[in-house]
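Thanks for coming. I have one structure to go through, so please take a look at it before I start.

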Amino acid sequence: MAKDTTDREFDLVLFGATGFVGVLTAQYLRGAAPEGARIALAGRSEAKLAAVRAELGVDWPVLVADSSDQAALDAMAARTRVVVTTVGPYLRYGVPLVRACAAAGTHYADLTGEPLFIRDCIDRFEDDAVRTGAKIVNSCGYDSIPSDLSVYQLYRRSVEDNAGELTDTTLVAYLKGGASGGTIDSGRAMMEAIAADSSKASILAHPYSLSPDKSMDPDVGRQTDQALQRASTIDASLEGWVTTFIMASHNTKIVRRSNGLLGWVYGKNFRYREVMNAGKSPAAPLIAAGMAGGIAATMVTGALLSRVAVGRRLLDRVLPKPGTGPSESARRSGWFTMKTFAATTSGAKYVCTFAGHGDPGYQATSVMLGQAGLCLAFDDLPDIAGILTPAAAMGDALTERLRGADITIEVARA
């Protein structure tokens, strides 16, 4: 039976509030939360939490809890309606908090780009979350809200136009910004997990590894995340070349899980992939090839180094550290535009533009995560619980919130 959380002490607890993205999210919530919102900051260090609170100039309570202290996480989850967490890699540190929220009927939002973590949560906590009414929503940042909501809004428009089901759908990513230390550490955590248990590699490789019902997976042939092609092969309006998008492997699984959670409404022939713009200069084909090859080589090298202690020490020395990030000016100069092209069974074609200002992995992500948490806390949402995706849990409500936060989300008929 779903638990009643309306009388809890807090509307939202931000866990990991002293980390780099945690501070950015707290700063965003300070301005975006409605008047009277009951928000608390949580993390391992009371002193650091107090310092963040003082810097923010707010009177929010601070809660001390460590990601490995199940009792403290259980107590924290029981005091709030929503937990928003930036504490990753989630594969290493996230499971106890999901357990706590699923048991308490507390809604939850994270930033994970780790399919292994999500699959583990589905297998272990889906039933508990459904029973208590908890919405456990993964991937509420740049990975994977633009991907997930873009396809969801394309579906909504096709229904509105009575244009049939979605078929071939491709997202093209344009962006200025860098990978965060946390994102890289998440990749390392997955490589280490696979080094310890090679059977987990199939979760990364299979396009439907996060499917809610394996028997309903569409049979649409091979869907690859590797890319090296002319952009015009996706849509005649595009110029230059496209290449492999490093987060495609994760984002596409989230989108396909949304389709399943929504009852496979996107269509029985829905095919989805993501690529990244490589430019249109004479050197673009070489750039695209280099990026595609570099991503593949990096994954192989990272997997091999993760298998041995000396390799892990080497990665510690050369990779960006979790909790670090670019300067404020660099964050503000970033931007992203995601254009998703879709065809339907009636022959209609659409494009969804999802665009915003700010470094996607930091500035924009803090906006998306903050709005996801506020949406879970205050909005009238679909009656669905379990291990969810942004589109399945909050589709229309979150879309409108992000539009109000100066993010462009537009669908046009091509």
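Which loop does P89 lie in? P89 is in the loop between β4 (80-85) and α4 (90-93). Helices here are DSSP runs of H or I with at least four residues, strands are runs of E with at least two, and both are numbered from the N terminus. The peptide bond leading from G88 into P89 is cis, with omega near 0 degrees.

Before the rest, some background. This is a predicted model, where local features need pLDDT of at least 70 and side-chain atom pairs count only at pLDDT 80 or more, while totals for chains, interfaces and linings use all residues. Residues are numbered from 1 along each chain as its sequence is written, and side-chain values use heavy atoms, leaving out hydrogens and water.

Another cis peptide bond joins D143 and S144, with omega about 15 degrees. S144 sits in the loop between β6 (135-137) and α7 (145-160). S139 lies in the loop between β6 and α7, and its phi is positive, near 60 degrees, in a residue other than glycine. S139 is buried, at 0% relative accessibility; buried means under 20% relative accessible area, exposed over 50%, and partly exposed in between, with a 1.4 Å probe and protein chains only.

D406, in the loop between α15 (390-404) and β14 (408-413), has a positive phi near 70 degrees. D406 is exposed, at 58% relative accessible area.

Last, the cores. A nonpolar core is a set of buried Ala, Val, Leu, Ile, Met, Phe, Trp, Tyr and Cys residues joined through side-chain atoms within 4.5 Å. The largest has 103 residues, and F15 and Y266 are among those touching the most other members. Helix α14 (residues 360-378) gives the most to this core, 10 residues.
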